[in-house]
Amino acid sequence: MARIIVVASGKGGTGKTTVVANLGTALAQLGKKTIVLDADVTMANLGLILGLEGKKITLHEVLSGKKKAKQAVYEGPAGLKVVPCGMSLEGVQKVKLERLKKVVLELADNADFLLVDSPSGMGHDSITALAVAREAIIVATPDFASVLEAMKIKRVAERLRVSPAGLVINRASRERTDLHQKDIESLLELHVLGAVPDDIEIKRAAALGESVVVRSLRAPATKAFKELAATILKSEATA
Ligand code: ADP
Ligand code: MG
């Protein structure tokens, strides 16, 4: 059974999907059977940034009961397995979210890691995605607003008995306005698992539908994602 880790954040745009795609690829590069699943059923973009857009069978078809989970699994970079989500409005309307947990457990049966890209915020869809996992990685940018949102997500996770495994700081810069890692940790009472710099190579890779960790070996973001994968591998499952 895989370690099921949901990747969550307050608002959109913190880079949650980017973290799922690249952390997933880095874990696959380390030889771990890894699946990434786009549970952001209304604002899906994981397939897009991994070059798998336009697939006919996606999580939408699985959650509507038309297809089996394994039919929506595609080959991504470095042996990563990807379950993309459709982007059509009709697809969204047919989704039965209550099927998500069963789908996740089915997929997790035959993998080491299953990373779930959760919808942002605290709507019904986000809560449902959070609740399918045992552990949560929270993504925030190094500013007060984002850290406060991360705090709310952490509380929701705890209430759902999903163990907060730690925080990923994304889009770190060397600006003085950035909150320091230590301050973020004490504000949130959450360990920082890794910090990914703001890196133009991430945008370039995403535009081409590739993982930055495969495309740009020397990019600062690649180094950060590889370190993050190693940290997560070393950490024990917290739940
Ligand atoms: P979310 O899933 O949280 O909404 P995305 O992963 O889709 O966020 O990222 C939003 C945008 O920010 C994308 O255009 C992505 O390429 C860009 N982005 C994410 N992380 C970084 C980073 N570390 N450096 C530069 N651009 C980034
Ligand atoms: Mg996203």
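The model is predicted, so local features need pLDDT of at least 70 and side-chain atom pairs count only at pLDDT 80 or more, while totals for chains, interfaces and linings use all residues. Residues are numbered from 1 along each chain as its sequence is written, and side-chain values use heavy atoms, with hydrogens and water left out.

**Strand E1**

- Six of the six residues of strand E1 (residues 3-8) are buried, so the strand is largely enclosed by the rest of the structure. Buried means under 20% relative accessible area, exposed over 50%, and partly exposed in between (1.4 Å probe, protein chains only).
- Arg3, Ile5 and Val7 point one way from E1, and Ile4, Val6 and Ala8 point the other way.
- E1 pairs in the parallel sense with strand E5 (residues 113-117) over five bridges, and Phe113 is the bridge partner of Arg3 in E5.
- E1 also pairs in the parallel sense with strand E6 (residues 135-140), over four bridges, and Ala8 stands opposite Ile138 in E6.
- Strands pair if DSSP finds at least two bridges between them; helices (H or I, at least four residues) and strands (E, at least two) are DSSP runs, numbered from the N terminus.

**Lys16**

- Lys16 lies in helix H1 (residues 16-29) and is buried, with a relative accessible area of 5%.
- Among the residues that Lys16 touches are Val7, Ala8, Asp40 and Asp117, not counting residues up to four places away in sequence; contact means heavy atoms within 4.5 Å.

**Leu148**

- Leu148 lies in helix H7 (residues 144-159) and is partly exposed, with a relative accessible area of 45%.

Key
Chains lettered and ligands numbered in written order.
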